[in-house]
Amino acid sequence: MRETPRPQGTAGESGSELPLHRPDRAFAHTTGAPRSGTPHRSDGRSSHTPRDARQTGPLVRSGTTPPVPGRTAFFFSLVSGLSALFALTTWQIAADGPLRGLDERAGRALVGHGPRRLTEFLADLGNMQVALPVLACAIGWSLLRGRRRAALGAALAMAAVPLLVVPLKDWIARPGPLTEATGYYPSGHAATAAVAYGASALLLAGRGRRAWMMPVAAVLLTATTGIGLVLRGYHWPLDVLGSWFLCGLLLLLPYGFGRISRSRRRSSSRTPSC
């Protein structure tokens with residue numbers, strides 16, 4: 001009876017020949033193989049995870065996400081909007097446009113309304129003797145906290161008020177509601193209140209649940225000052241609105257300086273020490 005020959009290389013035998021390499025198994029861990037011959041399954045394919053799509057951040061740190069473009073777009077849209085409103089208001093007042101006639105009719109209808117003492121008190125909130133000490137206290141507090149850039153921006157914004165308001169008053173030479181004297185547009189008291197209280201709110205605003213209190217207080221003080229000026233007959237409504245549009249642009253100084261200071265502090269705190 002013939003015996004069926006046993007294949008070579010079975011278990012229990014020590015053959016001298018090496019096993020042949022199979023192309024789909026032998027090179028399974030060889031780097032650069034076209035099929036599955038890479039240490040990891042995904043190394044030979046294009047990545048589908050967002051890890052490889054990450055870009056470096058503004059501080060050139062690997063693994064950080066790019067800056068959000070929404071804040072920059074909002075910043076420029078705000079500047080453009082305030083500039084357009086101020087330009088439109090100034091043009092209508094200087095050219096004796098339709099808005100000026102409507103403004104004067106509304107101003108005459110509002111003059112004298114409200115309690116005299118209350119409206120006088122509200123109008124006085126725009127005096128230098130009242131608004132400047134508030135801003136000085138906020139600047140001093142910011143300096144104690146090390147926020148020098150934000151304090152500098154607030155001081156520059158307040159210093160820019162007379163530099164911008166006084167030439168505009170002389171150029172437009174608008175008479176007041178109850179007098180023939182000129183130089184009432186834009187309102188210096190409304191501008192002083194807007195910058196002083198607005199910049200103070202930016203300097204003193206903290207974080208947490210009560211962070212909204214200071215901005216709301218600034219808006220209320222600024223708005224009530226403008227109301228008092230109109231009800232007492234010291235200014236037309238557009239005199240106050242024009243000042244608010246102008247000072248909205250000036251308040252971008254302490255806001256921008258404060259953001260630069262905070263971003264630099266965050267970057268310095270994240271930088272590893274040698």
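View 1. In α2, the residues Arg100, Asp103, Glu104 and Gly107 are buried, where buried means under 20% relative accessible area, exposed over 50% and partly exposed in between (1.4 Å probe, protein chains only). These residues cover an arc of only 100° around the axis, so they sit on the same side of α2; the arc is that of the directions from the helix axis to the C-beta atoms. An α-helix has 3.6 residues a turn, so residues three or four places apart point the same way. Pro98 and Arg105 are exposed, on the face of α2 turned away from its buried side. This is a predicted model, in which local features need pLDDT of at least 70 and side-chain atom pairs count only at pLDDT 80 or more, while totals for chains, interfaces and linings use all residues. Residues are numbered from 1 along each chain as its sequence is written, and side-chain values use heavy atoms, with hydrogens and water left out.

View 2. Helices (H or I, at least four residues) and strands (E, at least two) are DSSP runs, numbered from the N terminus. The 13 residues of α2 (residues 98-110) should span 18 Å at 1.5 Å a residue, and the end C-alpha atoms are 19 Å apart, which agrees; the expected span is 1.5 Å times one less than the number of residues. Ala109 is in α2 and is partly exposed, with a relative accessible area of 49%. Its C-alpha atom is separated by 9.3 Å from that of Leu231, 122 residues apart along the chain. Gly112, with a positive phi near 95°, follows α2. In the loop between α1 (69-94) and α2 lies Asp96, a residue other than glycine whose phi is also positive, near 55°. Asp96 counts as exposed at 55% relative accessibility.

**View 3. Packing of helices α4 and α5.** Helix α4 (residues 128-144) packs on helix α5 (residues 148-172) at an angle of about 160°, with axes 8 Å apart. Axes are lines fitted to C-alpha atoms, for helices over the stretch in contact, and angles run from 0 to 180 degrees between N-to-C directions. The angle makes α4 roughly antiparallel to α5, a term for angles over 145 degrees. Leu132, Leu135, Ile139, Ser142 and Leu143 of α4 meet Arg148, Ala151, Ala154, Ala155 and Met158 of α5, contact meaning heavy atoms within 4.5 Å. Ala150 lies in α5 and counts as buried at 1% relative accessibility. The C-alpha atoms of Ala150 and Ile139 are separated by 8.3 Å.

**View 4. Packing of helices α7 and α8.** Helix α7 (residues 213-231) and helix α8 (residues 237-250) pack at about 155°, with their axes 9 Å apart. The two are therefore roughly antiparallel. The contact is made by Thr222, Ala223, Gly226, Leu229 and Val230 of α7 and Pro237, Val240 and Trp244 of α8.

**View 5. The loop between helices α5 and α6.** Ala173 lies in this loop, with a positive phi near 55° in a residue other than glycine. At 32% relative accessibility, Ala173 counts as partly exposed. Pro186 is also in the loop between α5 and α6 (188-204). The peptide bond from Tyr185 to Pro186 is cis, with omega near -10°.

Conventions. Angles under 35 degrees count as roughly parallel, over 145 as roughly antiparallel, 65 to 115 as roughly perpendicular and the rest as oblique.
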